[in-house]
Each structure stands twice: as C-alpha cells, then as structure tokens.
Amino acid sequence: MSILDIQELCVRVGAAEKEVFAINGVNLRIAQGEVHALVGETGAGKSMLAKSIMRLLPESAHVRGKIFVGGIDCLELNAKEVTAYRGSVASIALQNPRSSLSATRTIGDQLIDRISSQSRVSKASARMEAKNLLESVGISDTHRTLKAFPHQMSGGMCQRIMIALAISSKPRLLIADEPTNSLDATLTENILQLISDYAKRENAAVLIISHDIASVATISDRISVLYAGSIVEQNATADLLGDPRHPYTRMLLDSVPKMDGLAVFSDVGSMPILAKYPTDCAFISRCSRAISTCHESKPALVAMSDLHSLACFNSLDKENAVRQLPTFPLTYSSREIEVKNPLLSLKSLTFIYKGRFGTKGFKALDNLDLELYEGENLGIVGESGSGKSTLGRILSGLEKASSGEIKGVVLKQKLFHDIFQEPIRDEIQMVFQDPILTLDPKLEVNRSIVEPLLRLKLPKVSVEERLSKVITDVRVDRSLLSRRPRSLSGGQAQRVGIGRAIISNPKIIVFDEPTSQLDVTTQAQILNVIRENSKSKDFTSVYISHDLATVKSICDRVIVMYRGKIVETGPVDQVFNNPVHPYTRAMLASVRTLDSGENREFEALLPEDEFLTPHSGCNLFGRCPVSVAACERTGQNLLKFEENHFVACSKSNPETSVSKPNISERESK
Ligand code: SF4
Ligand code: SF4
C-alpha cells in the first residue's frame, strides 16, 4: 500500500517575468516501510517537491496535480487542517539542524512543546516521551540533553535531535532533506541508520533527499533521479547503480569520487532553469546521445519493468550502460617530495575558542606539531570539531594561535599569525567552503579575481594578462566577469574563488572543504580544476575535507585529526589502505562510495559522548572499541609506525605497543 502518492504534480514559482517551472509532471509512489531516495543536482526540484508535500510553498506558487499522504489529499487541506497534518501525517527533518532548531530554547523545551501540542498529553508525560525519543535516536544522556541548548551540541547531535523532533508524532511519511549534508563519514552512517530504523519500526514511508548518492544508496530501497523538475529514471537501488539506462543517471554516478583514487568524470554543462514547460528533453544540451526526436517533445516516464521506469528516447543499452571510468591514476604518491626542508613548520600549536556568557572555552587545537613540504598536496581529514578548519584558518593567517609557533622559509620570520603581516596574504591564499558568502558582494567577478594583485602594484597590462590566463585555467567564462557573486551558481563562484587564490602565484593554497556544498557533477568539475592547476603550477596545497574519496584522489599525504590532535599521518595510500589508529579505521569503514561495496571489517566507534568528561588520557577514550584502562590516564603522541607513517595510539604502535593482536591483524590484511 502506498503512503505517498503524487500524481502529475506541476509547480511554478516566482513573479510572472521571472517564473520558473520547478516541478514538471512528477508521479511518485512510496510504499509502507519503504525508504525512497530522491537524487539530482541543485536546482532539480528536490526540495521544492518536499515543500509541496509539506505544504510549505510560498503563497504565490502555482500548484497543479494531486498529493495523497496516507489517503489524505494534502493540497485540499485548509490552514487549520494543514497544522494538524504537519507532524502527525507527514513530517520533515530539515538540513542545517543548527539553524533549524531555536537557538534560545533548550532541546527539552522544543521537544516537549512539540509533543504536547500534537498529542495533548500532560507536561510530565511529554517529558517522559521526549526522553524515550532521545533514546530512540541514540542519545544516552537524556537528562543533560534536555537541559542543553543547540549550541552546546555537536552537528551530529543536532541532526539526531532534528530527527527526534520530526518523528515525535510518528508520522506516516518522514521526509529527510539532505540529512547528512557536511557530516563526516561516521556521523553520516549513524544518521542514515536512524532514518532507516524509523521506516522499519513504524512501517512508515521515508523520502530521503540528497545529492550524496553513495550514502543514501546504503539505506534506500528505490531511487528516483530528478532532472529539471522531472523524474528521468526510477529503479531498485542496486539495479539503478549497476545498470543505469538514462544518460543523466550515468553522468551522476560517474561524477561520484571513488576510493580507488581514479579521476571522476566531469561534464561541462549545467542544468537549465526552465522559464516554460519543457517541450523537448531538458537534458538535451548535455546529452551525447540526443537524436532528432529528443527535440520534438518531452520524453514521458515509461515503465520498463515492475520497478524500473525511464524517460528517454535513446537510452543506454545493457552493454553501454556498464560504466567505463577513466583508468589513469591521479594520486601523486609516486611523486618525489623534498622532505628535508619544510616550507612551514608548526610547533606546539594550540588554539582555544574563548567561552561566552560564562561558558568554558573550547580547545580546538591541542599542542599540534606539523611540517608542510614544498610541492606536496596535504590532506586534512577528521569529523566536525576535530580542528581541521581552525588549522586551515591559522595557516592562512585568518586566526591567531593561542600559543605555539609557526616557522616558514616563505616568510623568513619566526612567528606567523598576524593577519596584518603583508607577506602572508601574498604567499598564502585560501579557498573557502562557501564561495558566494566569502566573495565581496559589491565587487564584480573580474575585480574579485585580481584583488590579491593590488598590493603588488603591477602595471595594468600585466594584471589584464594574468586575469586572462587565470580565467582560462579555472574555466570562468568571460561573460561572467561583469557579474556580482550573488548572481553566480555555486560552481561558478568556486571557480572565481580558485582563480582569485592562484592569480598571485602563492606558495601555499589552503582549500577548506571547497566542494562540500556542491552537487556531484559540479564537484567533479571543480576537483578537475584543482587537480590540473596543482599539477601545472608551483604551489603547495593543504586540502581540508570530510570527503575521504576526494582526499584520496587529490593528496599525497594525509593527516587524520580527532579533537584537536593529529592521530595518524602518512602517505595517503599507506594510511587509507592500511589504517592503524582505531579512529582512522572506523572512519574509513564508514565511507560509502559507489566502489566500496560492503563496509570494511574494522571496529566501529562507540556512540559519541554528548558531554565530554575531562580526563588526561587519549581523546578517543570513551568511544574507542579497543581501549584499555590505561588509555584514560595516558595522553598519546605521534610515534613512528613504519617508514613515513606515524600513529598516536599506544595499542597500535609497535614502539610502545601494549597489545600485539591489533598489529598482527593489520599485517595479515
Ligand atoms: S531523451 Fe534524448 S536528449 Fe534526452 S536523455 Fe534521452 S537521448 Fe538524451
Ligand atoms: S590509546 Fe587507547 S583509547 Fe586511544 S586510540 Fe589507542 S587504544 Fe583507543
């Protein structure tokens, strides 16, 4: 029986002259107990579809078609009925939980209010129910969590609470909109498991919206691929991944980074924004298989078998649907890196975020030592709160370390932490996570790109020459040069950000999660731009990411961070193929890519402690599956495990090992 039944849904939004045809004839059914993934690039209409189901579209939107949820025709409900419908029949867990939760109210107040408003129970019963809900999403210290404010919780905890709120009244349809956006691999797996458990436990339908196909594929029964407001292919998950028949499905799958370090496919086009109902195939400008029929009408979604539906006039057949990925390796592990003279040397670096309103400060970096060598691509990985972005900001001169020092041959100076020291700006550049927010909104693209050259006082003709070269290198179309950042797409803005970073020929570029807000096809394009430029230009890069497959394909060396410390470091192939530290092993075991198949057989971490209990020992103690009592008392430093490979774990390190089995297990792999 279908819980969700969407029939011929069409949605238009925007004022008359700027009207966008966002949803164009979608039919979709989701059965009881089914987890259904909806994937596609930004602008495909995924969130618009969710808003239509939740009756959250703006008043001005034009909606046609039917949406039945649990037999209720939700488009016909009046305002009072909509309030009752939201939560009890259909509910949504929004992306960005921190901004979706109220910052000024405790978790308990928010949960208890939601429960009592929906089920009219007493405050005491609602409180008990709230505790049960928190337990059901894996939060053990319910007492303290109910009293906490969202800013006191980690990103993963906030997402759990968001899900707890969404399922508080046991909706028949749960919509999860990008629930794992920006979460690291271990948290992603936990959150997806919660969603999948809910579908099974309550026999509810789940619609999970994501641009991360590899992750959602692990829990979804079926996948629908949305392009320009239309479903172009739908199939059982394994069949869609293994035998994609629509050219767009295949493009999406080929764009997903793989853990084998091979290049991702990247196309040049982007999704059109439709100003009228499509009268041809909306994918035509990007499709290499287009035939004359594709220009004549919009292909309808046709059932090919019980589970498989396809909208294409010239689909891939079985033979050419088998994905052929590029075969040239793009990891640089064979490159000779000069390790004798570090470009930068960090010693005992500590950074403490000061507490506000009487709260305790937070140590983001803890006595960290690191050397960066000329010409290398260094990856920094770790979960949210591990300190990787703080480290990047200190390297870029945007933050000042609380203590410690940075020596650099670039700067010929001992200390390196003052944003006003001019050489820093010229020699070290940063590419940010959100390019649109970080570019000056008042500056046109050409002025944004050349801004780092102003201090060099170059003649105008040289500036023009460099600008022309850089926009070719990062593939920014000349027509964009007079635009302002707000009118750029995420991918265009990130190319501008990279152009701006490389134009002054810096010695070091810090890339801080440069693709985390982009969908897979744009991500593939940006990765190729970064890769090409780091090969052809003379800069050293620091690449910060929670996406391990991307790090594998870009970097030579990697450092793994956990709660402000480096827990493992070495050549990327060595660390990723033979991880030693329990945290690295658990992190890699959680990675889902389309080529990784089943989880690797490493021990999972124990659930994270929502409220850290201070101790003097290893930071992983409490979550570590192989800890011993001594770990709580003994802090860990990096020690050599093998040539170039260092690990901070007494149980895993041959020089101080207290437990041989772990090591022999690693060697036998
Ligand atoms: S209908 Fe034509 S243009 Fe559209 S995806 Fe199929 S082959 Fe390509
Ligand atoms: S030192 Fe102990 S707690 Fe820390 S990672 Fe090693 S085994 Fe686990």
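Buried means under 20% relative accessible area, exposed over 50%, and partly exposed in between (1.4 Å probe, protein chains only). With that in hand, here is a predicted model in which local features need pLDDT of at least 70, side-chain atom pairs count only at pLDDT 80 or more, and totals for chains, interfaces and linings use all residues. Residues are numbered from 1 along each chain as its sequence is written, and side-chain values use heavy atoms, with hydrogens and water left out.

**Salt bridges**
- The count is 23 salt bridges, each a side-chain nitrogen of Lys or Arg within 4 Å of a carboxyl oxygen of Asp or Glu.
- Lys469 and Asp473 pair up at 2.9 Å, N to O; they sit 4 residues apart in helix α18 (residues 460-473), about one helical turn.
- Asp473 is buried, at 17% relative accessibility.
- Arg105, Asp113 and Lys123 are joined into one network by salt bridges that share partners.
- Arg29 and Asp5 form a salt bridge of 3.5 Å, N to O.
- Arg29 belongs to strand β2 and Asp5 to strand β1 (residues 2-13), so this pair ties together parts 24 residues apart in sequence.

**Around Glu34**
- Glu34 lies in the loop between β2 (20-31) and β3 (35-39) and is buried, with a relative accessible area of 9%.
- Its side chain makes polar contacts with the side chains of His36 (2.9 Å) and Arg222 (2.7 Å); such a contact is a pair of N or O atoms within 3.5 Å, one able to donate a hydrogen and the other to accept it within protein.

Terms used:
Chains are lettered from A and ligands numbered from 1 in the order in which they are written. Helices (H or I, at least four residues) and strands (E, at least two) are DSSP runs, numbered from the N terminus.
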